[in-house]
Amino acid sequence: MSAVLRAQALGKKYKRRWALQHCDLEVPAGRVVGLVGPNGAGKSTLLNLASGMLTPTVGTIEVCGGRPAEGAEQLAKVGFVAQDTPTYASLSVADHLDFGRRLNPDWDDAVALDRIRRLGLDLTQRAGKLSGGQRAQLALTLGIAKRPELLILDEPVAALDPLARREFMQDLMEAVAEHGMSVVLSSHLVSDVERTCDYVIVLVDSRVRVAGDVDQLVGSHHRLTGPRRDPATLPAGRHVISASHTDRQTTLLVRTDIPVHDPSWTVTPLGLEDIVLAYMTSPAEAFRDTRPVLEVLR
Amino acid sequence: MIEFHLNDRSGASPYQQLVQQVRHALRLGLLTEGDRLPTVKEVARQVAVNPNTVLKAYRELEHEGLVAARPGVGTFVTRTLADASLVAHGTLRQDLRRWLTKARLAGLDEESIEALFMNTFRSAAGEDVA
C-alpha cells in the first residue's frame, strides 16, 4: 500500500530544544488521520514539516511520494490549513477564491462556489468581519477546492464553539466521501477525532508514543482487573501500558494480540479515548523496552 | 429512510453503532426489503463520521446478507430480520413484565435487576458459544 506520509528518524530542533525526535511513521493513503497529544507535544512541528513550512534537523519526511513543498507538482498535491485557520482580514471572500484560483493548477471553482453558497457567505464580505466558524469554513473551502491528495489541518476546530465544530467536521467528512482525499488533522482533544479518524498518532513530549489503525488499537488493548499481583508475571506478548494497585486489586491496561483466558482477570474493552489517555499519561520510560511504536505500526 | 445517530459514550465504536442501528431497524420492521440506505456521503455528513467507517459498516451488513449494493444506485435492504419472530414479541414482553414485577416484589432495585439480567444474559450466551 502506498504511504501518504512517511518519516524516518525525523527530528526538529529549535535552538537547544528538540520539538520532535526519533519520529518514524508510515501512514497509508486514503485515511483520515488524527494527530493527538497535549499542547506543546510537537504536533504543529510535525505538520509544518509535512507541509514543507519547516525543514528537518535530522531524518527524512516524504509526503505523497515526494519531499514536502519541492516543486510545483508537489505543492499541488498537499493542502495545508495552519493553526487558527488563517485568512487575510482585509481581503474579501471573493479575493480569497481568486487567490486559490490563480495559485492552484487543480483548482475546482464549482466546488468552491457551491460551498460558499451553501455556507451563506457573502462574496464581498471581508474575511476580518467573518465569525470564527465562518473563517474556518472559508479556509476549509480553499483547502477542499484546491483538490489536494492530502489535506493537512492543524487544530482546525480548537477555537470553535460546539456547533461550529460539528458543522466543520460534517463538511470535512462530506468532502472526504466526495473527493477521496487523505486527511491529517491534529487536536489536543481525543473527542474531536474519535468519530472522524480511522488512524491515530499519539504524540507526547516530542515523541510518537503509538500510531496505528483505530480498529486495531481498540481491538488489541484491554483493561484487566483482578486480585493484586505483579504485572511482571503476565505471560509474554502482553505489554503493560499502565498499572495501578490498591492493597487488594490490580488494574492493568495492556496491549495484546492474544486473547486473555486467565479467569482471575476481568477483561473489559476500552474506547479510543481510554487508550490514548493511557499512552499520554504513562511515563515514556515504560515504553523503551517494549517499543510499542514500531510494533503497532506494522 | 433510516437516520443514524452516534453516541460517543456508548462504548461501541461508530462502526458497530451503525451496524447495530440497521439491524435494530430491521428487527423492529422499521426497514424492510427494498428500502434504500442513505449514501455513504449522506451519512458521513449527517453524523460527521469518517466515510470509511460507513463503508465498513455497509460491507459488514452486506456480508451478513442483509443489504446489497447496486453500483451507482445505492445500498438496498434485501432481507428483513423481523419476519416470524416479530409475532412472538408481544407474549415475550408480557412474560418479561411479569418477571420484572416479581423482581421488584422481591426487593430488587433497578440497578440490581439490570445487573442480574445482564449477568444471566451473558452467562447464557457464553454457554451457547461453548
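Modeller: Gladly, and we can begin with angles: those under 35 degrees count as roughly parallel, over 145 as roughly antiparallel, 65 to 115 as roughly perpendicular and the rest as oblique. Axes are lines fitted to C-alpha atoms, for helices over the stretch in contact, with angles running from 0 to 180 degrees between N-to-C directions. Helices (H or I, at least four residues) and strands (E, at least two) are DSSP runs, numbered from the N terminus. The model is predicted, with local features needing pLDDT of at least 70 and side-chain atom pairs counting only at pLDDT 80 or more, while totals for chains, interfaces and linings use all residues. Residues are numbered from 1 along each chain as its sequence is written, chains are lettered from A and ligands numbered from 1 in the order in which they are written, and side-chain values use heavy atoms, with hydrogens and water left out.

Biologist: Why are H5(A) and H6(A) called roughly parallel?

Modeller: Helix H5 (residues 132-145) and helix H6 (residues 162-179) of chain A pack at an angle of about 10°, their axes 10 Å apart. Angles under 35 degrees count as roughly parallel, and therefore H5(A) and H6(A) are roughly parallel to each other.

Biologist: Which residues of H5(A) and H6(A) meet?

Modeller: Contact means heavy atoms within 4.5 Å. On the H5(A) side are A:Gly133, A:Ala136, A:Gln137, A:Leu140 and A:Ile144, and they meet A:Ala164, A:Glu167, A:Phe168, A:Asp171, A:Leu172, A:Ala175 and A:His179 of H6(A). By class, this contact has seven nonpolar, three polar and two charged residues. Here Ala, Val, Leu, Ile, Met, Phe, Trp, Tyr, Cys and Pro count as nonpolar, Asp, Glu, Lys and Arg as charged, and the others, Gly among them, as polar.

Biologist: What makes E5 and E9 of chain A edge strands?

Modeller: Two strands pair if DSSP finds at least two bridges between them. The open sheet has six strands in the order E5-E6-E7-E3-E8-E9 (chain A), with mixed pairing. Strand E5 (78-81) and strand E9 (207-213) each have a single partner strand, so one side of each is left without a neighbour in the sheet. From one strand to the next, the twist averages 15°.

Biologist: How do you know that E3 and E7 of chain A pair?

Modeller: Strand E3 (residues 32-36) and strand E7 (residues 182-187) of chain A are joined by five bridges, in the parallel sense, and pairing asks for at least two.

Biologist: Why is A:Ser187 called buried?

Modeller: Buried means under 20% relative accessible area, exposed over 50%, and partly exposed in between (1.4 Å probe, protein chains only). A:Ser187, in strand E7 of chain A, has 1% relative accessibility and therefore counts as buried. Its contacts beyond neighbours within four places in sequence include A:Leu35, A:Lys43 and A:Glu155.

Biologist: What makes H1(A) largely enclosed?

Modeller: Eight of the nine residues of helix H1 (residues 43-51) of chain A are buried, so the helix is largely enclosed by the rest of the structure. Among them are A:Lys43, A:Leu46 and A:Asn48. A:Gly52 follows H1(A) and has a positive phi, near 85°.

Biologist: Are A:Thr85 and A:Asp205 buried or exposed?

Modeller: A:Thr85 lies in the loop between E5 and H3 of chain A; at 6% relative accessibility, A:Thr85 counts as buried. A:Asp205 sits in the loop between E8 and E9 of chain A, and at 58% it counts as exposed. Most residues other than glycine have a negative phi. Yet A:Thr85 has a positive phi of about 35°, and A:Asp205 one of about 50°.

Biologist: And why does A:Asp108 count as buried?

Modeller: A:Asp108 has a relative accessible area of 17%, so A:Asp108 is buried. A:Asp108 lies in the loop between helix H3 (93-103) and helix H4 (109-119) of chain A. Leaving aside neighbours within four places in sequence, A:Asp108 is in contact with A:Ala145 and A:Arg147.
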